[in-house]
Amino acid sequence: IFQVPGEDIDDSKKYLAYIELYSPPSRNKIHEMYKVTRSDNPRRVVMRLTKIRQGCMLIPDFKGDVDEQWTSLNVLDRAKSFHVNNWQSKYSYQTLY
């Protein structure tokens, strides 16, 4: 999240977010969470902060052993696929389901 400099800019256009987009979600029929995959060359966008409805929690897709190099600081860059946690709260359950 960043701010465009200048005093005469409307607040709704002043605050922007840099976003790296993942693959379109696919729903897992067992736990009903959506799976997304990070691309090696992700599509990136900058959009107004007012256009973002909510954030979401991503859970790495653990396949077999956990990579010991993963940390909370680098897992979004190192893991290839994730599940969107729609069980995080009642709000996310109703809006991400």
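Predicted model: local features only at pLDDT ≥ 70, side-chain atom pairs only at ≥ 80, totals over all residues.

Modeller: Glu32 counts as partly exposed because its relative accessibility is 25%, and buried would require a value under 20%. Its partner in a salt bridge is Arg27, with 3.8 Å between the closest N and O atoms. Arg27 is likewise partly exposed, at 42% relative accessibility.

In total, the count comes to five salt bridges. Another of them joins the side chains of Lys35 and Asp61, at 3.0 Å from N to O. This pair links distant parts of the chain, since Lys35 belongs to strand E4 whereas Asp61 sits in the loop between strand E6 (58–60) and H2, 26 residues apart. The two partners fall into separate classes of accessibility: Asp61 is buried, with a relative accessible area of 14%, while Lys35 is partly exposed at 25%. Lys63 joins Lys35 and Asp61 in a network of salt bridges.

A further salt bridge brings together the side chains of Asp40 and Lys80, again at 3.0 Å from N to O. Asp40 lies in the loop between E4 and E5 and Lys80 in the loop between H2 and strand E7 (81–84), so the contact ties together parts that are 40 residues apart in sequence. Asp40 is exposed, with a relative accessible area of 69%, whereas Lys80 is partly exposed at 38% relative accessibility.

Notes. Residues numbered from 1 in each chain as written. Heavy atoms only, no water. Salt bridge = Lys/Arg side-chain N within 4 Å of Asp/Glu carboxyl O. Buried < 20%, exposed > 50% of the residue type's maximum accessible area, 1.4 Å probe, protein only. Helix = DSSP H or I, 4+ residues; strand = E, 2+ residues; numbered from the N terminus.
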